[in-house]
Amino acid sequence: MQITGRRFLITGGASLVGSHLAEELLDQGAAEVVIYDNLSFGAESALAHLKGRKGLTIRRGDVMKLHDLIDAMQGVDGAFSFAAFMTLPMSRDPWTGLDVNIRGHQNLLEACRVAAAKKIIFASSSAAYGYGLQGTITEDTPFHTKGVPPAAVIYGATKIIGEQLCADYGAKYGLDWAVLRFSTVYGERQHYRAANALYIIEAYDRVAKGEPPVVYGDGAETKDFVYAGDVARACRMAMGADVTRETVNISGGKEITTKALAELVLRLTGSNLKVEHRDPASGGVRLTSAHAFHYDNGKAKRVLGWEPKVPIEEGVRRLIEWRKANPPA
Ligand SMILES: NC(=O)c1ccc[n+]([C@@H]2O[C@H](COP(=O)([O-])OP(=O)(O)OC[C@H]3O[C@@H](n4cnc5c(N)ncnc54)[C@H](O)[C@@H]3O)[C@@H](O)[C@H]2O)c1
């Protein structure tokens, strides 16, 4: 589907990924981008950089209210399903988390059907593979749950259900869909809700206070980070491409250890502080990967023509610049 002149809706758009995607769609000539968010986690301030942009509509709404969603979807060509409880909010409130991640997403699919929208892009996650895997993770890798904290398994399972609901709507009603499984997303408008993303923002927030960044364990654990602007481009490309009924990994594709990440933050801030190592058990809900893994994004290149463009040094520099201008309350 062409992006220029079309209308799109993003549930849960007043946050990290949605704020980048709204900008990407407007830059590509979308006639309207409706942000549909109940602002339970997100905030209008996440869209402040788009203030005054023609075509941006912010609509406070709850994905649990099907009639409101159907109303918001009138005249919309394509929807992005982003509203979700990630691992940390899921661990605090699995009742609402299950409602939003499963029924809320199903409501959006139903609103797409009723409003005759053409396509939906679902924000899935590497959590759909579980944690603790080693080797190369491709779209065929099964869900691994052994030793994983319950909230992370529950979150990953809701993403698997969400993917299957897309497939069900595609099969029954002909709705086009694509599932994008993001690795850990970081960038401007970073929040504290995704367990793995904390490594960057926590490190910076501590360094800004003159405290050393903390690494749990020896810091040899690896992570895959993908810049939010690159993720937004992948979402826009998935909507714009003829591709349908595909599940695709969206990752940075280059592993980095948690220690190297903390050291990168120290280097970019010009700090003389040294990384502090702590007992892994003291870090709350952490998603440890005892083994090195590679989160393969080859299919994204083959199917969508997408590759990440922003290297981690540049992405972390942008995140830090944004955080300096937007210090924590
Ligand atoms: N951030 C990451 O590292 C990451 C990684 C993999 C996948 N994802 C997925 O990408 C999507 C976007 O991620 P994000 O980091 O921007 O998420 P986020 O948690 O910041 O945003 C979710 C948004 O959903 C909204 N929301 C919650 N309940 C709602 C409801 N009932 N009705 C309407 N809106 C509601 C919140 O207010 C928030 O703005 C999510 O689906 C997430 O699971 C994110």
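**Close-up views of a predicted model**

**View 1. Ala 116 is exposed, with a relative accessible area of 56%.** Exposed means over 50% relative accessible area, buried under 20%, and partly exposed in between (1.4 Å probe, protein chains only). Ala 116 sits in the loop between α4 (94–114) and β5 (119–125). Helices (H or I, at least four residues) and strands (E, at least two) are DSSP runs, numbered from the N terminus. Phi of Ala 116 is near 55°, a positive value in a residue other than glycine. This is a predicted model, with residues numbered from 1 along each chain as its sequence is written. Local features need pLDDT of at least 70 and side-chain atom pairs pLDDT 80 or more, totals for chains, interfaces and linings use all residues, and side-chain values use heavy atoms, without hydrogens or water.

**View 2. Leu 39 has a positive phi, near 60°.** Leu 39 is a residue other than glycine. The loop that holds Leu 39 runs between β2 (32–37) and β3 (56–60).

**View 3. Helices α1 (residues 16–27) and α7 (residues 228–240) cross at roughly 60°.** Their axes come within 8 Å. Axes are lines fitted to C-alpha atoms, for helices over the stretch in contact; angles run from 0 to 180 degrees between N-to-C directions. The angle makes α1 oblique to α7, a class left over after roughly parallel (under 35 degrees), roughly antiparallel (over 145) and roughly perpendicular (65 to 115). From α1, the contact uses Leu 16, Val 17, His 20, Leu 21, Glu 24 and Leu 25. From α7 come Ala 228, Gly 229, Val 231, Ala 232, Arg 233, Cys 235 and Arg 236. Contact means heavy atoms within 4.5 Å.

**View 4. Arg 236 of helix α7 is buried, with a relative accessible area of 17%.** Arg 236 touches Ile 3, Leu 21, Glu 24, Leu 25 and Gln 28, not counting residues up to four places away in sequence.

**View 5. The largest nonpolar core has 41 residues.** Such a core is a set of buried Ala, Val, Leu, Ile, Met, Phe, Trp, Tyr and Cys residues joined through side-chain atoms within 4.5 Å. Phe 80, Leu 180, Phe 182 and Ile 250 have the most contacts inside this core. Elements that each supply at least two of its residues include β1 (7–11), β7 (176–182), β11 (246–250) and α9 (298–304). Helix α7 gives the largest share, eight residues. A second, separate core of 28 residues includes Leu 9, Met 90, Leu 109 and Leu 165.
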